[in-house]
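Have a look at the sequence and the structure, then work through each task with its solution.

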Amino acid sequence: MKELIQLVKVMLVEKKLIMLSILLGFIAAISSVGLLGSGGYLISQAALHPPLYTLTVTIILVRFFGLTRAASRYAERYFSHKATFSILGRLRVYFYDKIEPLAPALFSSYRSGDLLSRVVADVEKLQFFFLRVFYPPLVMVVVFITTGIIIYTFSVAMAVVLWIGFLIVGVALPTIFTYFTENIGSNLRQKRSQLSVEITEYLFGFTDLRTNLRLSEKKNTIEKVSDELINEQEKDGVVSGSGESVSLTLAYLTAWVVLVIGVIYVDRGTLDGVFLAMLVLVTLTVFESATPMAAIPGHMEESKVASRRLFQITKQEEKPPKKAEVSPRIPTDQPLKVKFQNVSFTYPNAWRKALKNVSFQVNEKRKIAIVGASGSGKSSLFNLLLKFYEGYEGEISLGNHCLHEFREEEARSLFSVVSQENHFFNDTVRANLLLAKPEATDDELLNVLSNVSLSQLSLDDVLIEKGLSLSGGERQRLAIARMILKDAPIVLLDEPTTGLDSITEKEVQSVLWPHLEQKTVILITHRLVGLEKMDDIIVLDKGEVCEQGSYDELIEQKGPFYDLKRLELEKVM
Ligand SMILES: Nc1ncnc2c1ncn2[C@@H]1O[C@H](COP(=O)(O)OP(=O)(O)OP(=O)(O)O)[C@@H](O)[C@H]1O
């Protein structure tokens with residue numbers, strides 16, 4: 001329930017549209033009651049053959065209610081859907097704003113398929129919260145009160161029957177159906193989320209699954225989960241369908257009881273027979289606004305769970321990292337030094353430290369390599385520098401400022417990153433390059449492409465997602481083109497040539513290094529080729545710095561670096 005209250009708070013930003021929808025919903029419902037009531041009265045009066053002028057007022061009333069009903073129903077649909085789409089838009093922005101600063105730490109808690117399903121499908125599901133859960137009961141209560149008072153002036157017994165009918169259809173039935181829908185709803189959601197996870201894994205792992213001959217196995221799993229989902233949807237359909245039919249039956253039953261009471265009263269002479277049709281039709285019509293109540297439990301349950309799942313992701317925000325209010329202004333065109341002082345770090349939910357008391361300094365324009373076996377903590381250093389994770393001990397500084405002083409965007413603007421796997425979007429070469437420098441002109445882009453020996457590409461060439469239409473070497477050179485365009489003072493290289501053959505590796509290196517002269521460079525690698533040109537090498541082992549020095553010093557020292565180098569050479573032989 002707490003989540004729904006939170007949801008309502010976000011929704012209330014659209015209070016004008018919400019009020020308008022409720023008001024128009026009420027006018028439409030009461031006009032329906034008025035139309036059928038005055039219609040019933042007109043027919044009864046007409047049957048008595050009165051002079052035509054006595055019917056004029058009733059005819060005008062029928063026309064008035066008819067037109068008002070049509071216009072207000074249209075306006076109600078228009079404004080309620082407008083409110084719904086505005087609310088959904090706001091919710092998407094709200095959740096995106098909350099989630100964005102939590103990435104990539106978020107991926108340690110959620111599988112990407114599940115996250116996708118939460119942010120897309122769960123927000124989508126919330127459209128029914130306003131349309132089916134939030135405002136129809138408000139309209140229903142006001143319409144019943146108004147109609148109950150009108151009927152009361154004719155007969156107390158009829159009004160009591162109407163109110164009993166209302167309590168059964170509008171309150172008791174939805175409560176009973178809540179019980180049934182809870183179970184079905186939770187299975188349905190579980191299956192939907194499972195299907196989303198399976199499909200996402202199928203798409204992301206397509207190549208691996210195919211090469212390992214596991215494609216059909218995965219397909220079968222997807223089909224099985226899909227069948228289970230269909231099964232749950234069928235059950236859900238049966239429950240919500242029966243909810244509606246039971247409500248309708250009870251509404252007709254109430255109208256029958258009103259008719260029977262009316263007949264008795266007319267027989268006794270306590271009610272004028274001309275009002276009988278009007279009262280029965282009014283009773284029938286007023287239930288139009290109560291029958292949607294049967295669908296409320298299902299939608300309510302779905303909205304409750306959808307909002308719980310959504311707010312759960314953002315809950316990590318409750319212990320937010322220290323956020324800098326104003327970032328120090330550092331010119332991005334000047335070299336910058338980087339310093340780690342006794343930095344220790346444990347990933348959220350991890351049981352051991354990824355970094356332990358790491359200290360090193362890279363002065364302006366210096367180039368250092370950080371080497372170590374897989375899992376030694378190399379990427380974790382970049383994760384902290386780029387502020388993907390907070391909550392470390394010790395101090396990291398850029399220039400003369402502590403990293404905590406920088407806002408995320410400002411800190412990231414000081415780095416260019418070239419990694420082993422750079423992402424390219426399914427868009428033109430131009431769009432993929434402008435990502436690094438949105439204001440760059442075509443001439444500038446073409447110049448950079450020629451600098452990285454990619455003159456054969458046109459700016460309008462469209463890349464397949466992840467740059468799969470390019471060779472590995474071309475992808476890396478395109479990533480270097482982005483780095484040149486961004487022109488940040490610190491360059492982070494994360495195994496930029498791993499996976500390339502030695503000729504392509506040489507080509508990429510020859511394109512890369514001339515552009516790094518004026519930059520502070522940190523290279524992380526587990527391969528020890530070409531490290532002679534680095535000013536300093538830091539060797540990490542299980543998150544700790546175990547050795548540091550120039551290439552020659554480390555070779556001479558015959559320590560861990562020397563051992564790693566020897567092992568690598570042995571492997572090559
Ligand atoms: N998101 C994460 N959540 C929990 N633990 C993590 C996470 N990322 C890394 N680790 C752990 O932190 C330690 C250091 O990992 P890191 O990725 O920094 O090593 P690495 O030297 O860069 O490895 P590789 O060369 O394979 O990329 C490892 O024990 C790893 O399991």
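A residue counts as near a molecule or strand if its C-beta atom, placed from the backbone, lies within 6 Å of it. This is a predicted model, where local features need pLDDT of at least 70 and side-chain atom pairs count only at pLDDT 80 or more, while totals for chains, interfaces and linings use all residues. Residues are numbered from 1 along each chain as its sequence is written.

**Exercise 1.** Find which residues come nearest to the ligand.

Step 1: Helices (H or I, at least four residues) and strands (E, at least two) are DSSP runs, numbered from the N terminus.

**Exercise 2.** Work out the order of the strands in the open sheet of 4 strands.

Step 1: Two strands pair if DSSP finds at least two bridges between them.
Step 2: The order is β2-β1-β4-β5, with antiparallel pairing.
Step 3: β2 (355-362) and β5 (401-402) each have a single partner strand, so one side of each is left without a neighbour in the sheet.
Step 4: Between β4 (residues 393-398) and β5 there are 2 bridges, and Leu398 has His401 as its bridge partner in β5.

**Exercise 3.** Describe how strand β7 pairs with β6 and with β8.

Step 1: β6 (residues 415-419) and β7 are parallel, over 5 bridges; Phe415 is partnered by Ile490 in β7.
Step 2: β7 also runs parallel to β8 (residues 520-525), joined by 5 bridges. Here Asp494 has Ile524 of β8 as its bridge partner.
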